[in-house]
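Have the coordinates open as you read.

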Amino acid sequence: MTEHRGKRRLRGLALVLVALLLPACAGLPTSGDVAVGLKLGESPQDIDILPVASGPITGAGPEEIVDGFLEAGITTTDNWDTARDFLAPSLQRSWSPSAGVSIDIGPDTRTVTSSVPDDEVEDADTAEVQVTLDLVASVDDSGGYAEAVGSSAVAFTVQRMENGEWRITQAPDGVVIDETRFTKVFEGYPLQYFDLGWSRLVPDMRWFPRRQSPATTVTRALIGGAPSEWLDPAVQNAFPADVQLAQDAVPIVGQVADVALTRPASGLDATTLSRMRTQLQATLRASGVAVTQVRFTVDGRDLDAGQAEVKEPSTEIGTLVLQNGAFGRIVGDEISPLDGISAEITSIPQPIVSIDVAADDTHAATRLADQHVYLVGAGSLDELDARPGLINPSLDPYGYTWSVPTGSPASLQASGSDAVAHPIAKAWPSASGISHLRVSADGARVAAVVTVGKQMWVVVAAVVRDSAGVPIELGEVKQLTQLADPATGLVWLGLDRVGVLADPSSPRLITQMVGGPGATEAAPNNAVSIAGARTASGVRILGANGELFAHAGSAWREVASGVAVLATRVGE
């Protein structure tokens, strides 16, 4: 048997395809989706760079053929036609690249073992080749992304064809792509689903090849598809199961998406049609497709679909701080108070540990020096939770304050404005500890930093509510990323990412996509807490000595001092 790691790689033969948007065309396309042209002022020199692999080399042995096949996973054009060139004709027809993606550290970490030694290849007709991958994540056949750390062995059978060339006769479905090139080959698209009350939209990230038409891809995934399993208990799809796309493409003409549906759609009521249209429009826009509206048709006839009303996340901007005895939004060197609660907060006699402000600024959840959780409102300070060991509370958009002791994650509860506590079932059943939790702006998800065994994980779970909006239980826990060091802060960054402040000795800010990869950057040296924002660039970090830091490009800049508490806002 022979084994090699990172040898005889075909990466040197890989090319880079640069597709330029030219100001003039040699000819007009006669098939495919209608694309939106350049916006006024947009440069025609913007480029889309996609990696492209080469096909088999004449005379390549079994290991080189398997190497080349794996490398060809980066080339998605014509349904991975380059990768199929490494397969025997019978396997070319049955192999399914869309079955999923195995994302590994990179080609240099792959170990390839062949049953035929190098010096016996010329006399052999069949070889068994096994590749061991160092996995970091995977994507399933619906585009769902999940962390999958560990080694995995993949087996191939390679045979000599009649022309003397080796080709693969047995291979698993799906492709392998290294983590550095995954986001160059695949794009994340946030499908939008309604919450259980049909009042808010919740993103569900999916990953599809960049070469595919986004409009057609996300529409096909939404219509006839289903939410991710972990999110499913908290959301619903407006599209009935018997309604499907009637055509393979979704053309965009004049920023209008023309969506042809099957005949069952013609019998739908106005409410369902308006929800369908609203859901699909939001999905297309969130996926970067320039549309102003969606038009549904059945057999060429327009369906009169209206627009459903949905609650949007708070548009309030600004940083909330407790500074020099004043609380409110910091504007330059001044503090702009919040009507109704600023005076109540500053009059609290105890030192304040944390403040989480409601979207409408009418109340706030706080944790004080006695470690109890309180609700601050106009002229009121109500104790909500006096259990020992509580972590910082989190408000949700329905007005409930979430609290839990650090050593008892399953004892999660949510208290309403009436100070009545509602226990939340199925809360992190495998966790022995919890240090942070934040409810998302849509109220359908909760992120947390939990301890499972001796491991620390950033996780997320669906929030199941009753008809009155009371949270009653959590869905299955989805692991986002493992932490090597303790967290000192957790926030939402928009609707599809969380930010984690980790490692007190050498602070780092981890920006982690919910259903996608993450990124890490250095944080200010003495960082102790964090406040979220709609984008990662809006993050604020508080230093141990009261310094307030904001992003300045790739660095951090001190923007204020003397800050005692950096407050958060619901959903951030």
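Which strands does helix α6 lie across, and at about what angle does α6 run to β15? Helix α6, residues 270-286, lies across β14 (256-260) and β15, and its direction makes about 130 degrees with that of β15. Please keep in mind that this is a predicted model.

**The sheet under discussion**

Strands β14 and β15 belong to an open sheet of 4 strands with mixed pairing, in the order β13-β14-β15-β16. Its edge strands are β13 (252-253) and β16 (301-302), each of which pairs on one side only. Strand β15 (residues 293-298) runs antiparallel to β16, and 2 bridges join them. In that pairing, V298 stands opposite R301 of β16.

**Salt bridges**

There are 18 salt bridges in the structure. The table gives some of them.

| Pair | N to O distance |
|---|---|
| R181 and D178 | 2.8 Å |
| R263 and D299 | 2.8 Å |
| R438 and D356 | 3.0 Å |

R263 counts as exposed because its relative accessibility is 59%, while D299, at 48%, counts as partly exposed.

Salt bridges with shared partners join D178 and R181 with E71 into one network.

**Aromatic pairs**

The count of aromatic pairs comes to 10. One of them is the tilted pair of W80 and F186, with 6.5 Å from centre to centre and 35 degrees between the planes. W80 lies in helix α2 (residues 77-84) and F186 in strand β10 (residues 186-195), so this pair ties together parts that are 106 residues apart in sequence. W80 and F186 are both buried.

Y145 and F182 form another tilted pair, at 6.0 Å centre to centre and 45 degrees between the planes. Here Y145 belongs to strand β7 (residues 145-160) and F182 to helix α4 (residues 179-185), so the parts tied together are 37 residues apart in sequence. Y145 is buried, with a relative accessible area of 12%, and F182 is buried with 2%.

How do these rings connect, and which residues do ring pairs link into a cluster? The cluster consists of W80, Y145, F182, F186 and W207.

Finally, a ring meets a charge: R200 lies over the face of Y398, 4.8 Å from the ring centre.

Key
Residues numbered from 1 in each chain as written. Predicted model: local features only at pLDDT ≥ 70, side-chain atom pairs only at ≥ 80, totals over all residues. Heavy atoms only, no water. Phe/Tyr/Trp six-rings, centres within 6.5 Å; stacked < 30°, edge-to-face > 60°. Buried < 20%, exposed > 50% of the residue type's maximum accessible area, 1.4 Å probe, protein only. Lys NZ or Arg CZ within 6 Å of the ring centre and 35° of its normal. Pairing = 2+ DSSP bridges. Contact = heavy atoms within 4.5 Å. Axes fitted to C-alpha atoms, helices over the stretch in contact; angles between N-to-C directions. Salt bridge = Lys/Arg side-chain N within 4 Å of Asp/Glu carboxyl O.
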